[in-house]
Amino acid sequence: MTERLACTRNDGRHTENGHHCETQSDTGGKLEDEDEKKVGLGKKVTLLRGVSIIIGTIIGAGIFISPKGILQHSGSIGMSLVVWIACGVLSLFGALSYAELGTCIKKSGGHYTYLMEAFGPQMAFIRLWADLIAIRPAAMAVISLAFGQYILEPLFMPCHIPPVAIKLATAIGLTSVMYLNCMSVTWTARVQILLTFSKLLAIIVIILPGMYQLFRGETRNFENAFDLNNVKLSGMPLAFYSGMYAYAGWFYLNFVTEEVDNPERTVPLAICISMAIVTFCYVLTNVAYYTVMSAEELLASPAVAVTFAERLMGNFSLAVPVFVALSCYGSMNGCLFALSRMFYVASREGQLPQVLSMIHVRRHTPLAAVFILYPMTLLQLFVGDIYSLLNFMSFLRWLFIGIVVLGLIYLRYTKPDLPRPFKVPLFIPVVFCFICFCMVFMSLYSDPVNTGIGFAISLTGIPAYYIFIHFNNRPQWLQEALDSFNRTLQILLMVVPAEE
């Protein structure tokens, strides 16, 4: 009877070669075959793929285009390098805190899941609301625009690129990323690995000539590198803000925890390897820039990597915009892969439409959760003032990350018996949490208007929570419309609830 029930569970579906499922009593191998046929998200994120997700989302266009925010606010070349190193260490502290959360709360969803576990559904929904209506579509549109700009740069040099061409190239790039994530988890991960290696290759192409120049004795820009006359302590918080923004992305592996193979080992190891590689690359890349450009020249350059390549590599500098475009594409791919899992988990928790937690019957991808950002991103791409919106929202990232890490400390006392395969010393989350809140208060002080607008937008999540989530007594006509919406999308997208 047990064998019949186990088979009947999958008997309504045919495999791709047309055969029905078989009984599972013979061998462990058949159990593995059935697991492969099961409609759900498999554990396909290995250590290499985890490292590629983190590095691929951290390293975007910034290190190639304009690493001058840190130099401008730190006041000297030496202090800027110190800030780059310090921001790498602080980001490692945050990443290690998330590694503990990821190994004791083995659910996908990242910030959303941890806020849900520590502080309840209302706080989690406010974060989800801000992400859904503004932060994520705007951030995706910005990195997509950078892709469109730099992929066309070699074709139009030295002429100005028409804005319509940039937006068209951006829309094509965004559509291709969406298609890839909808079609296959395996190929999404493989492309991410390839793009991550291309980013690291681009950085090596900058570092090696720079180190060669340094060993040849090109050190004049490092003389008086710690000139204290230009260092302003008041600017250091802004320098750290720029640096932490450049390192942002170390948390994305936590969005896909349920798909990580052996998360107790893979998550902490992938985070440590990734942060060491990124910090090393960032610092050496900046050293390479300074072997060719003075502080004044770097501040005046619109695209630092292009200026660097023009001075040392001649015609090869045409390849730099292509590398920048590939770097942006990798960030788009990694972000979308991770964020779709947050929407998937939120739907599973009942805070988004049910169809978002369904899986494609053949592709085994969360098709609806991937697709949800697409129309909103395109809308902001063509009609929205994206950069202003990002200014409103940038401080919210660190506010909620600080609250998540505060939740780790809170869980240490409220749930001391929670299994913690990976546990960090308490001073690490305390220091990181303090830095996050310092950056938030600095934003309130330095730009109260934009920060206040962003805060107000996020607070609209409170009435939205009570309207859509808390009060379940919806009118019958509204409930029927929602059910019809879910059924229609389920049929169109060929998705079904995931099997346990």
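**Exercise 1. Is K415 buried, exposed or partly exposed, and which residue does its side chain meet in a salt bridge?**

*Step 1.* K415 has a relative accessible area of 36%, so K415 is partly exposed. Here buried means under 20% relative accessible area, exposed means over 50%, and partly exposed lies in between (1.4 Å probe, protein chains only).

*Step 2.* The model is predicted: local features need pLDDT of at least 70, side-chain atom pairs count only at pLDDT 80 or more, and totals for chains, interfaces and linings use all residues. Residues are numbered from 1 along each chain as its sequence is written, and side-chain values use heavy atoms, with hydrogens and water left out.

*Step 3.* The partner of K415 is E117, in a salt bridge of 3.9 Å, N to O. A salt bridge is a side-chain nitrogen of Lys or Arg within 4 Å of a carboxyl oxygen of Asp or Glu.

*Step 4.* This pair links distant parts of the chain, 298 residues apart: E117 sits in helix α7 (residues 111-119), and K415 in the loop between α18 and α19 (427-446). Helices (H or I, at least four residues) are DSSP runs, numbered from the N terminus.

*Step 5.* With a relative accessible area of 25%, E117 is also partly exposed.

**Exercise 2. Are D131 and R136 buried or exposed?**

*Step 1.* Find the pair: D131 forms a salt bridge with R136, with the closest N and O atoms 3.2 Å apart.

*Step 2.* D131 has a relative accessible area of 0%, so D131 is buried.

*Step 3.* R136 is buried too, at 3%.

**Exercise 3. Which side chain makes a polar contact with the side chain of Q192?**

*Step 1.* Look in helix α10 (residues 185-215), where Q192 is found.

*Step 2.* Q192 counts as buried because its relative accessibility is 2%.

*Step 3.* Leaving aside neighbours within four places in sequence, Q192 is in contact (heavy atoms within 4.5 Å) with residues including S52, T57 and N333.

*Step 4.* The side chain you want is that of N333, at 2.9 Å. A polar contact is a pair of N or O atoms within 3.5 Å; within protein, one must be able to donate a hydrogen and the other to accept it, and residues adjacent in sequence count only if both atoms are side-chain atoms.

Notes
Helix = DSSP H or I, 4+ residues; strand = E, 2+ residues; numbered from the N terminus.
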